[in-house]
Amino acid sequence: WSIDNNQNPSAYPSSLNFNPSSSDYIQINNGSSLTNGFSELTVSIWANFSGTGQQQIITKDGATSQRSFNLRRLSNGVNFLLSTDGTSSSQTSFYPSSSITTGKWYHFVGVYDGSNVLLYVNGVPIGSPIALTGSLPNTTSGLYIGSYAYGSGTTFDGFLSNAQIFNTALPETGSNSVETLYNNGTPLSDMSSFTSLVSWWKLNNTTTGIEDSKGSNNGTNNGATEYLGFVNTLVGDSSGMSQANLVQSDLQTVA
């Protein structure tokens, strides 16, 4: 038996499932101009890994001279890269693979404040800030969720929810912060207080398409499917259970 532990519901009872064998990914239509010239940046997304190894989570990082940012997973963990010259990249410390459990939700936030590049996992900063200055370059590379370099390369393996782009660097704590976004392990349903929010893709269904709930940067779905299950860091699976584990209810009804 395998039972979803959904006693901790969230506003999102579903997410999108990305299958690497079919190279599923999402392309943001206006991705070529999105984030160009930003002096600060925050990238937020919820991820649930089904596999290990190299995977692209959310990226605007094309060929050499077309680099902007990349939130990715390699064999040694997840990190955040950012470029201000389009060629070289400054990258944060890795959130180690040994700390990642498949089938569990994680909240990743990459931040650039004009002086440093930072990575937060579940509201906690990873490693030390990495020094960098300048604005994001004007590139023609597209913005992709679950893939890299125009739908090719190492695609994501698992589930993604609530991808967001901000044109400011969100602080670690306080109002409208990384801590606020993490929301004790459940994605926010109301983002109206975040005035620097540029785009918000909830990734919670395939019926209405990949709508930008904040701006006009709608996306195109290339194979990702809807997965029913709450997006919440407390949600998990119970496996190995049998009929003997079930407890008979003692509730009685009277007609």
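This report covers the nonpolar cores, a strand pair and a cavity of a predicted model.

## Basis

The model is predicted: local features need pLDDT of at least 70, side-chain atom pairs count only at pLDDT 80 or more, and totals for chains, interfaces and linings use all residues. Residues are numbered from 1 along each chain as its sequence is written, and side-chain values use heavy atoms, without hydrogens and water.

## Nonpolar cores

A nonpolar core is a set of buried Ala, Val, Leu, Ile, Met, Phe, Trp, Tyr and Cys residues joined through side-chain atoms within 4.5 Å. Buried means under 20% relative accessible area, with a 1.4 Å probe and protein chains only. The largest core has 39 residues. Leu-41, Ile-58, Phe-108, Ile-145 and Trp-201 have the most contacts inside it. Strand β4 (residues 41–49) gives the most to this core, with 5 residues. Strands are DSSP runs (E, at least two residues), numbered from the N terminus.

Another core, of 20 residues, lies apart from it; Trp-46, Val-109, Leu-170 and Phe-194 are among its members.

## Strand β16

Strand β16 (residues 197–201) is largely enclosed by the rest of the structure, because 4 of its 5 residues are buried. It pairs with β15 (residues 158–166) in the antiparallel sense over 4 bridges; pairing requires at least two DSSP bridges. Ile-165 stands opposite Ser-199 in β16.

## Cavity lining

The lining of the largest cavity includes Ser-44, Trp-46, His-107 and Gln-164. A cavity is a set of points on a 1 Å grid over the protein atoms alone where a 1.4 Å probe fits but cannot get out; lining residues have an atom within 4 Å of a point.

Notes
On a 1 Å grid over the protein atoms alone, a cavity is a set of points where a 1.4 Å probe fits but cannot get out, and a pocket is an open set with protein on both sides within 12 Å along at least five of seven lines; lining residues have an atom within 4 Å of a point. Buried means under 20% relative accessible area, exposed over 50%, partly exposed in between (1.4 Å probe, protein chains only).
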